[in-house]
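Work through the exercises below with the coordinates open. Each task is followed by a stepwise solution.

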Amino acid sequence: MDDEDYMRRAIAAGRRTRGATAENPAVGCVIVKDGAIVAVAATGEGGRPHAETMAIEMAANAARGATAYVTLEPCSHHGRTPPCADAMVSAGIARVVTGIEDPDPRVSGAGHARLREAGIEVRESVLADEVRHELRGYLMRRVSKRAYVTLKLAVSADGKIAERPGQPTAITGPEVRSRVHLLRARADAILVGVSTVLADDPDLTCRLPGLAGRSPVRVVSDSKLSIPLASKLVRTARQVPVWVMTLDNADPARKAALEAEGVEVIACKATADGKVDLLDMLERLAARGIGHVFAEGGAHMARALVEADLVDEALLFTAPGKIGPQGLDAMAGLPLDVIRASRPFRSHGENQKLGADWLARYVRVR
């Protein structure tokens, strides 16, 4: 195996805790000694311990003279934990291979410099594009100061998401539903507009066996605080966090009633037409440690995100059946070809079959 192979192992390790590491990135670390892997670790749930220190502890004496493969540059600053770069020096690591430099201004090359100063050989930028994709939420939050947005659309063959407005419709099959629950577990937050709550009364939790505890923060954009107190989201807000993004002039009595149920109400800037400013919302989410938002609905939210130029990635799940002209358009009248057949999006990889349905992924070209 070569450096790229071991880095792929580190990427896979970090993926295990993606969505569960709070404000910290889900880093993977693999330690190799004499051609054998002696430790594999990922950032712990909640963000600590860091992957490097966990891997060093696992490797024990085998860390001396070994090579460490880390998806992100080891930290060099004192935070809630000592610097990982210092831990590598103390453990006697001989060589460090990293995927990307950490854009955190407290690190940003200083971790690599600390390792080199100690006589450790450092190789940078191994599988950098793959690592950037895995850490896209963290990087967006650090560099652009807003959350990364993945838009999910489950549509019929004729581009509909429901038989009629306000009528929930099962479009795709169980394989897609399982995939969506996994995607929820790997995100920091799920986003819907209040119209989806009013129409569907969703749970927005991860219901895969063994991953129930990985449900992310549930975020509702609701300029008028019209989310029902009897909705599933409000009733379960003390079990899985619910943040309602609204406006400064929201009804204080309504705000107090929601907060009494455990909902956090967060004021955002307003657009000219009195809606929640989506960029301001994503910036406020990033400031609270949210790096990756999984936007699930509905049609108006999808259209608003696309028109605001805030969709970084789109997942289009397409069922084989048609609904007909009476059905609800997936993006409230905005054609799907805005994503499927035009810049700034490009298709990323082959279509994937999930049961009777198909998944196509589109990534924004920046």
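Two strands count as paired if DSSP finds at least two bridges between them. Keep in mind that this is a predicted model.

**Exercise 1. Describe the open sheet of five strands and its edges.**

Step 1. Write down the strand order. It is 2-1-3-4-5, and the pairing is mixed.

Step 2. Find the edges. Strand 2 (36-42) and strand 5 (121-123) each pair on one side only.

Step 3. From one strand to the next, it averages 15 degrees.

Step 4. Strand 4 (residues 95-100) and strand 5 run parallel and are joined by three bridges. Here Arg-95 stands opposite Glu-121 of strand 5.

**Exercise 2. Which strands pair with strand 17, and in what sense?**

Step 1. Start with strand 13 (residues 313-318). Its pairing with strand 17 is antiparallel and covers six bridges. Leu-316 faces Ala-360 of strand 17 as its opposite residue.

Step 2. Go on to strand 15 (residues 345-347). It pairs with strand 17 over three bridges, again antiparallel. The bridge partner of Arg-346 is Val-363 in strand 17.

Step 3. Take strand 16 (residues 352-354). Three bridges join it to strand 17, and the two run antiparallel. Lys-353 has Trp-358 of strand 17 as bridge partner.

Step 4. Inspect the turn. The hairpin of strands 16 and 17 has two residues between the strands, and Gly-355 in this hairpin has a positive phi near 65 degrees.

Step 5. Judge the burial. The cut-off for buried is under 20% relative accessible area. Seven of the eight residues of strand 17 (residues 357-364) are buried, so the rest of the structure largely encloses this strand.

**Exercise 3. Characterise the largest pocket by volume, centre and lining.**

Step 1. Note the volume. The largest pocket holds about 1,000 Å³ of space.

Step 2. Locate the centre. The pocket is lined by 38 residues, and the closest to its centre are Lys-152, Thr-169, Thr-196, Asp-200 and Glu-296.

Step 3. Assign the lining to elements. Those giving two or more residues include strand 6 (148-155), helix 8 (194-200) and strand 12 (292-297). Helix 7 gives the most, with five residues.

Step 4. Sort by class. The lining has 18 nonpolar, 10 polar and 10 charged residues.

**Exercise 4. How many cavities of 30 Å³ or more does the structure hold, and what lines them?**

Step 1. Count. There are two cavities of 30 Å³ or more.

Step 2. Treat the largest cavity. Its volume is about 180 Å³. Of its 19 lining residues, Asn-24, Pro-25, Gly-137, Tyr-138 and Asp-188 are the closest to the centre. Helix 6 (residues 136-143) supplies the largest share of this lining, four residues. By class, the lining splits into five nonpolar, seven polar and seven charged residues.

Step 3. Treat the second largest cavity. Its volume is about 50 Å³. Among its lining residues are Ala-10, Arg-18, Thr-71 and Glu-134. Helix 1 (residues 3-15) gives the most to this lining, with four residues. Four of the lining residues are nonpolar, three polar and three charged.

**Exercise 5. Examine helix 11 from start to end.**

Step 1. Look at the start. A side-chain oxygen of Asp-277 reaches to within 3.1 Å of the backbone nitrogen of Leu-279.

Step 2. List buried positions in helix 11 (residues 278-287). They are Leu-278, Asp-280, Met-281, Leu-282, Leu-285 and Ala-286.

Step 3. Look past the end. Gly-289 follows helix 11 and has a positive phi, near 95 degrees.

Notes: Residues numbered from 1 in each chain as written. Predicted model: local features only at pLDDT ≥ 70, side-chain atom pairs only at ≥ 80, totals over all residues. Heavy atoms only, no water. 1 Å grid on protein atoms, 1.4 Å probe; cavity = no way out; pocket = protein on both sides within 12 Å on 5 of 7 lines; lining within 4 Å. Points joined across faces, edges and corners; volume = space filled by probe spheres on them. Nonpolar A, V, L, I, M, F, W, Y, C, P; charged D, E, K, R; others polar. Axes fitted to C-alpha atoms, helices over the stretch in contact; angles between N-to-C directions. Buried < 20%, exposed > 50% of the residue type's maximum accessible area, 1.4 Å probe, protein only. Polar contact = N/O pair within 3.5 Å; in protein donor to acceptor, adjacent residues only side chain to side chain.
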